[in-house]
Amino acid sequence: MNIPSGHRYVTELGGRELVIETGKYAKQASGSVTVRYGDTMVLVTAEMQDDPKPIPFLPLTVEYEERHYAIGRIPGSFLRREGRPGAQATLNARLTDRQIRPLFPKQLRNETQVIVTVLSADQKNDAGPLGAIGASAALALSDVPWEGPTACHHVGYLNGAYVMAPTFQQLQESDLELTVAATADAVLMVEAAANELPEEVMVGAIEFAQRELRPVIDLIARMRDELGKEKKSFVPALDVDPADVDAVTEAAERAGLAQVLRTPGKHDRSTAIKEVRDRILDAMIPDPEAEGAAARRAELKSAFGTAESRVMRRMVLDERVRTDGRRPDEIRPIWIETGVLPMAHGSAVFTRGETQVLSVSTLGTGRDNRLVDDLGLDDTEEFMLHYNFPPYSTGEVKRMMGVSRREQGHGNLARRAIVGQLPDKESFPYVIRSVGETLESNGSSSMATVCATSLSLMDAGVPLEAPVAGIAMGLIKDGDRHEILSDILGSEDALGDMDFKVTGTERGVTALQMDIKVRGIDAEVMNHALDQARAGRLHILGLMKEALPEPRRDLNPRAPRIETVRIPSDKIGTVIGPGGKQIRELEALGAKVEIEEDGQVRIYTDDGEVAAEVKRRIEALTESPEVGKTYEGKVAKIVDFGAFVTLFPGTDGLLHISQIAEGRVESVSEHLNEGQPLTVKINAIDDRGKIDLVRPELEGVVPPRAPRRGGGDRPPRGGDRGPRDRGPRGGGRGPRDG
C-alpha cells in the first residue's frame with residue numbers, strides 16, 4: 001500500500017517544534033494543511049467559489065470544529081455527537097477570521113470558506129492559535145487570492161519574563177494572556193487579558209510576539225513559494241471611478257459637508273448627510289427617469305460614501321476636529337445610575353454619549369456554575385458575563401436569532417477585563433452572572449458594558465479589588481501622519497483604520513482588543529494609543545467613583561446568604577447521611593447545603609437564623625470528642641453500671657456508676673433520668689474509641705476510674721455505644737459515602 005508522504009515543514013516556536021504538513025490529507029480542497037504542536041493537531045482547509053456574489057462585502061466564513069475524540073471522550077449529549085459550537089470554539093473562529101480578513105483584496109466578492117477541525121488535543125497546547133496558523137498556510141498554498149502569510153499565538157508573562165506559546169497550565173499562573181497575529185512587518189490583531197500590567201509591558205509583549213512569530217511566517221512563505229498554486233483571477237466588485245469621487249467630493253465641499261458632519265446626534269447627523277447626498281445626486285442626474293439613471297445613481301452614491309470618508313479624515317488630520325465636534329482626545333459626556341432595578345441583586349446604567357448599557361448582576365450558589373465543556377482543561381465558570389445587542393439599540397429592525405459571534409466576542413472581552421478583580425472563592429463563594437443589555441449604541445458598547453458591569457457588581461455588594469473601565473480608541477492614518485481618537489463613534493469605527501479597545505483599573509491594563517483595517521501598525525502608534533487610552537480611562541474611573549465610591553457594605557437583601565464551615569473529610573458521609581437522608585433534613589429547614597471533597601461546606605439561604613441553625617447542626621454532627629473538654633450532654637440510657645450520655649449527635653460516653661455522686665450509688669435511676677441534661681467532662685478515650693466521662697463538679701471529690709487497658713488520648717471511632725457497640729438510637733453511618 002502506497003501512503004502519500006506529503007510535504008513536511010518544521011520550525012521552532014517557543015522552544016518547541018511546530019510541524020506543518022500538506023499534500024497528504026484532504027487533497028481535493030484548494031488549500032489543506034495539518035498543524036501539530038506537542039500532541040495537539042488541527043486540520044485546516046481553504047476553498048473559494050468561482051462566481052462572485054452580488055453583495056457589498058466579502059462573504060468569508062470561518063468554521064472551528066471541535067471533536068470530542070480529540071481528547072478520547074464520547075460527547076455527553078443525548079445523540080452522543082457534537083452539537084453547535086461552544087463558546088470557546090466560536091471565539092477561536094473569530095480569532096482566525098480577524099487575522100485573515102484584512103488581507104483579502106478589497107473588491108473580492110467570491111464566497112470563501114476556511115474550516116478548522118481539531119483532530120487531537122493534548123490539553124496542554126491551545127488548538128485555537130494553531131487553527132489561525134493553519135488558515136494562513138492553507139490560504140497561502142491555495143488558489144484563493146490572499147495577501148499573507150500571517151502567524152498567530154499566545155504570549156504569557158511569568159516572573160517578569162515573556163513566554164511564547166505558553167501551555168494552559170502556564171497561562172493559569174501568568175499575569176498576561178496575550179494573543180497576537182502579525183505579518184512579517186506589522187501587527188494585525190491583538191487580544192489580551194492582563195493582571196493590571198503597565199502599558200509599557202503590554203507594548204513589549206506585542207513586540208516580543210512579533211519577533212517570535214517571524215520564523216513561522218517565513219516558513220509559510222517558503223511553503224507558498226515551493227508548493228503554492230497560482231492564484232485565481234476574479235471579477236472585482238464595481239469599483240468607484242476616481243473621477244466620480246473627485247467630482248462628488250468637490251460638490252460635497254461646496255455643499256458644506258464638513259459642517260454637516262459636525263451635526264450633534266447620530267440620527268440628526270445621518271439625516272443631514274443624506275440630504276446633502278440627495279441634493280448632489282439630484283443635481284448630477286437631473287432626469288431620474290432617463291435610461292441608465294438608476295445605475296448611475298448607485299455609482300454616485302458609492303462615490304459619495306468615499307467622499308464622506310475623505311472629508312471626515314481631512315477634518316481629523318488637518319483641523320483635529322471630529323464629526324461630533326470633539327477634539328481627538330475628548331470623551332463624550334457620561335452619566336451613571338445605580339440600583340435601578342428593584343428585584344435585581346445589583347444593577348447600573350452607564351451612558352456615554354449615545355451609547356448606553358444596563359448591566360444586571362445576580363449572585364447564585366455553587367450549583368449555578370457553568371461546566372466548561374471544550375477541549376481545554378476541565379473547568380467550571382464561576383463568573384459569567386453575557387452581552388446582548390438588540391436591534392433597537394441602533395434604531396433598526398432585524399430578525400432576532402440566537403447569540404451572535406459578535407455578542408459572544410464582546411461578552412468574552414468584558415468578562416476578561418473584570419474577572420481578575422473579583423474576590424477569591426474562599427472569601428466570596430458566590431457564582432456570579434452579569435448581563436449587559438445594550439440599550440443604545442453609537443460607539444463601543446462593549447467598553448460601556450465593562451463600566452456598567454463593574455458598577456452593577458459593586459451595587460450588588462461584590463467586593464471588587466478595584467473598578468474597571470474601558471475605552472475604545474480609533475486611528476486615522478494617511479502616510480506618515482496619524483491621529484489617535486479617544487472614545488470613537490460608530491462612524492469613526494466604520495470609516496477609520498483601527499478599533500483598539502483598552503480596559504483597566506487605576507493601576508494598569510486588564511484587557512486589550514485591537515482590530516485594524518490597514519496592513520498593520522507599529523509600536524509608536526500603539527504606544528500613543530495606550531497613553532491616550534490611559535488618560536481617558538482615568539477620567540471615566542473618576543466619574544464612576546463619584547457615582548459609587550466603593551462596593552455596598554451589605555449584600556442586596558434579595559441575594560442568598562452564605563455560611564461556611566469546614567469539617568473533617570471523613571465526616572462528609574455523616575452530614576450526607578444514609579441515602580442523603582441527613583442532608584435532606586438539613587435542607588428542609590430552608591437552606592441549600594453544598595459539600596466539597598476537601599470538607600468545605602457552604603450553606604445558602606435567605607434567612608440568617610436558618611443558616612445559623614444548619615451550621616450548628618453540621619458542627620454538632622461532625623464534632624470530634626476531646627479529652628478534658630466539658631460538654632452539655634443528655635442522658636440517653638440508664639444501665640446497671642452507669643449511664644450513657646449523648647455528647648452530640650452520634651457520639652455517646654459512659655458515666656460510670658462510681659462517677660455519678662459522692663459516696664456509694666446503689667441505683668443509678670435514683671440520681672439520673674433518661675432525657676435529663678447533664679454537664680460531663682471526658683476523662684479518657686481508649687484505643688477502641690470508648691469514652692469515659694466524669695462530672696466536673698465531683699472532680700477532686702470522687703477519684704476518677706483507672707483508665708481501661710489501652711486507654712489514652714486517641715480519636716474515637718464513634719464513642720462508647722454501650723452493649724454491642726450500638727447507641728440507644730441504634731444504627732451507624734450507613735453506606736460509606738452517605
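This is a predicted model: local features need pLDDT of at least 70, side-chain atom pairs count only at pLDDT 80 or more; totals for chains, interfaces and linings use all residues.
Residues are numbered from 1 along each chain as its sequence is written, and side-chain values use heavy atoms, with hydrogens and water left out.

The C-alpha trace of the protein spans about 125 × 70 × 45 Å along its principal axes. Its radius of gyration is 35 Å, whereas a compact globule of 738 residues would have one near 27 Å, where the radius is taken over C-alpha atoms and the globule rule is 2.2 Å times the number of residues to the power 0.38. Of the 738 residues, 52% are buried, a term that stands for under 20% relative accessible area with a 1.4 Å probe and protein chains only.

The secondary structure comprises 15 helices and 29 strands, taken as DSSP runs numbered from the N terminus, with H or I over at least four residues for helices and E over at least two for strands. Among the helices, α7 covers residues 266-284, and its 19 residues reach 27 Å from first C-alpha to last, close to the 27 Å expected at 1.5 Å a residue, that expectation being 1.5 Å times one less than the number of residues.

The buried residues of α7 are Arg 269, Ala 272, Ile 273, Val 276, Arg 277, Asp 278, Ile 280 and Leu 281. An α-helix has 3.6 residues a turn, so residues three or four places apart point the same way. The cover over the buried residues of α7 includes α5 (242-254), α6 (257-260) and α8 (293-319), with contact meaning heavy atoms within 4.5 Å.

Terms used
Buried means under 20% relative accessible area, exposed over 50%, partly exposed in between (1.4 Å probe, protein chains only).
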